[in-house]
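I opened my notebook to look up a few helices and the residues packed around them. Here is what I wrote down as I went.

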Amino acid sequence: MSPGELLRQRIAARDTRTAEERLLAAVHGGVSTGIPALLAELTPAQRRALLPTLKEIRKQLRGDWSPGARESAEALLVAGAGCHSSPVAAAGWIGARDLSSWTGMNHPPLLRVIERQPAEWQAAVAARLAERRASAWHWTDYPVIERIVLDSGCPVPTSDGFVEGWLQHRTRGADGSQRPGSLLDVLRTDTLLPVMLPRLFELADVGYQLTAHPGRSSEDTWPGALVALAGAGLIDRAELHGHCLARLLRGGKPADQRAFLAMLQAFGLTPEEYAGHARTLLALLDGLSPVAEYAQQVLAGLDEAGLVEPELLGEASETVLFRTEKKLVRAQLGWLAAAARREPARSGPVVLAAAVAFGHPDAALQERALNVVARHLRAAGEAVLPELREAAGVLDPAHHRRAAELFGLTVVQPDEAPADLLPPVPRPRPLAPPIATPAEVAEELGAVLAGNADPAAFERTLDGLVRHAHLDRRALAEALAPVLRINPWHEGARWADCRPQDVLYVAAAVAGLVAPERLWNSLRGRARSPLRGDRNSPFGTALAARLEEAAWQVTTTRPPMLLAVPTDTTGAIDAAELVGRLAACEAVGTAPGAADLSCALLRVTPTGEAATLAAAGRLTSPAGQRLAGWLRAGGLPGQPSERVRFAPGKGGEPEHRYYERWWEQLVRFTVAQPGPGAQVPEGLTPECLALFEATSPSPARARQQAEWSWRATPHWIAALPQHREEVAARLLDCFAGAADRDEQGTPQLLPYLAEAGGPAGLALHLAVGYGLGARFPEDRAAAVDALLVLAARGDLDGALLGRELAELVRVGAVKTNRLAEALRGAADTGAYGTLWSVLAAALPGLLAGEAARGSGELLVIAADCARRSTARGAIAEVTAVAGRGGSSRLVKEARALREVLGD
């Protein structure tokens, strides 16, 4: 016995406390080292009797971050492990994250306690711990469980967590660092390998571990080590590459697929070995692109060696020739051509297989397939012609003439261009009737406060608050009480823009939760408004003025209705309806608020209807006379948009806002508008006038629109439903950011602008152009929708849009690959004439001088649209490019378009 142990026994002999008391003291004191010896002094019954106390201590330690709490938790972990006689309960205690702290289970006193238990107990605990979900594992747990498994002789666990731990431990070492020796050396003596290895191929998210990292020797990587073990006869080679193929066939995340593909390639299977897996390889042609490419290469080699049945080539073609990856399709067509060259007797099946690619969306690949068919058609014989004629029906019209010559078809040229397939002209949907009861107002308010409410829902809610405050404010307040308890009004600092959810301010006023003097002072600008702040946009400020006015009205004048509530979902107000509302207000002697009247004037639809104008002329109130004058004048005149190149470059004083000057890298086109000037009819508040202030591009404007609080919404467009050009001009930097800064979301507003009223000028067309080149597919799709709606309404100027697109591409604000994808999607709807009007105007700018990169793809779309719309008439720039030497794609596609357009 060591002197230290002897000393501890003497001290314990003088200690008059019981073993249970000494154990609890050790737990409270965080002294883990002596707990195994203390547990040895207790009987099983005494240990079980301590469990309630230990559980109570555990409750007290939860959330305790005081000094010494960690040590106490570790001591508690050791004590509880020894006191639980049930393996299930013990495993739950040992695996608890609130007790394991930073060391996990790799705690020497805990290991000593576990090792003193019966082998059956250890085996059951190990199995239970190994079955935990992966997120419950501590990075040091695996070595402990493996040690218990090996010491107890229990069956090796095969749970995902245990196998992942084994993989990580063998890859990196026991402590997470680089282990000594190579992976091959470790695996050669690993007793767990036979059980673990098959499960390795069933795990997910293991690609990083299996990848051969640069700088490591082959024997220190999983592919290299397994190949070496198979070569030495320590593992079954055939079984391993069977596992690899099965895993690739099952699919999974790209990183895993690439890792197992690399492992399969490392085995260097012979053609004879691969021949036994031909059907599996055939199925892999439908998998991840790198996997399909490798399977295709192997199968082509097997076919060349005569190791697979000839019919397999046709089956492979049916899978590959429908894939979008052009490289795979080209390789498959090459395989078909090589097979026919080697064995002319196979020409019939080859040309029929190649004809599958006639339906590929890429016209260039269709042409390549047609070349394969043409080269081997004579050897195939006339028996294949009926099927080829049927397959030719899906060819791009560019290939119809050649297909007719090859297959004996008749080409029918249309006498006139078919009409474009455009969407129906959208008709504004009427707004739902006013909300009928206070309970329904409360329900609608709750929905608006939950977020994402459309303009119609917001307008009906605001109108409901005003209407029912006029009818019975007390009943409305009672109905609103539950909603206001969940959504209390806080008059904190205004950090964000005013938004529709701020209708809560009006509801709080109805319920008497805002002092009347506070409402009045905010309305008159005598105190800080809870709805306005430095980050308010002009649209947010206009909304704030409207809500401040409504909040005052529901507690004082209590008007029967609001004038500015739209009559349809675009935000517009029917002129006759607005005249009727003002007449009703005059009948009861109520004057509308200034903000309400201003917003109504901006929303009213211009009209020349004599009856409506006459009814407006009979109005006698000042508000009625303003409306009559507004309708006679036709509303606020539209502002002209001037195209401006915005390229500020490096500035003077350094700007450290957000630690970047991103706008210095920009070159984009935007517009300037002069403002309404002296043309403003009487009746607009300053907040509404600010929506039309003169605007021109500047770093300040670009930076302002990139602020986190500046987030345009459909509500902004609904506030000016007759002035979409002005809205587009003031949001143009946001639209541009979707293309040249890869921002997301703003182009989703383009369909709303397309459906709104007013002129569709340069600003709106530029906004659509930026949307077509947006980074995100859903934003490009919204721009396509807007383009088609404008075309259906007769508002699209295709030539204007095309010219602007060419300029945007030239300065790098729009990328051609994104633009091509968007225009291809628009063309696929059947709007060929519309798209040709855009592309015909864009091509001169794109092809002049040195053609913009990626113009070849736009030429493909242009040729398709020109052909389908029977466009004629040469374009000089297209002719010039087509006359160049060489066989680049740009020249080739220009020649195709020149042929379509004629002289």
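**Entry 1: a helix pair.** I began with α22 and α23, where α22 passes α23 in a left-handed crossing. The crossing is called left-handed if the near helix is turned anticlockwise from the far one by less than a right angle, and right-handed if clockwise. Helices here are DSSP runs (H or I, at least four residues), numbered from the N terminus.

I noted which residues make the contact: Leu333, Leu336, Ala339 and Ala340 of α22 meet Ser347, Val350, Ala353 and Ala354 of α23. Contact means heavy atoms within 4.5 Å. By class I found seven nonpolar, one polar and no charged residues. For that, Ala, Val, Leu, Ile, Met, Phe, Trp, Tyr, Cys and Pro count as nonpolar, Asp, Glu, Lys and Arg as charged, and the others, Gly among them, as polar.

Then I looked up the angle: α22 (residues 326-342) and α23 (residues 347-354) pack at about 165°, with axes 9 Å apart. Axes are lines fitted to C-alpha atoms, for helices over the stretch in contact, and angles run from 0 to 180 degrees between N-to-C directions. The two helices are therefore roughly antiparallel (an angle over 145 degrees).

**A note on the model.** I must remember that this is a predicted model, in which local features need pLDDT of at least 70, side-chain atom pairs count only at pLDDT 80 or more, and totals for chains, interfaces and linings use all residues. Residues are numbered from 1 along each chain as its sequence is written, and side-chain values use heavy atoms, with hydrogens and water left out.

**Entry 2: Met263.** Is Met263 buried or exposed? I found Met263 in helix α17 (residues 254-267), and with a relative accessible area of 0% it is buried. Buried means under 20% relative accessible area, exposed over 50%, partly exposed in between (1.4 Å probe, protein chains only). Leaving out residues up to four places away in sequence, Met263 touches Phe201, Leu210, Trp222, Pro223, Leu226 and Cys244.

**Entry 3: Thr612.** I finished in helix α34 (residues 610-617), where Thr612 lies. Thr612 counts as buried at 6% relative accessibility.

Note on methods. Angles under 35 degrees count as roughly parallel, over 145 as roughly antiparallel, 65 to 115 as roughly perpendicular and the rest as oblique.
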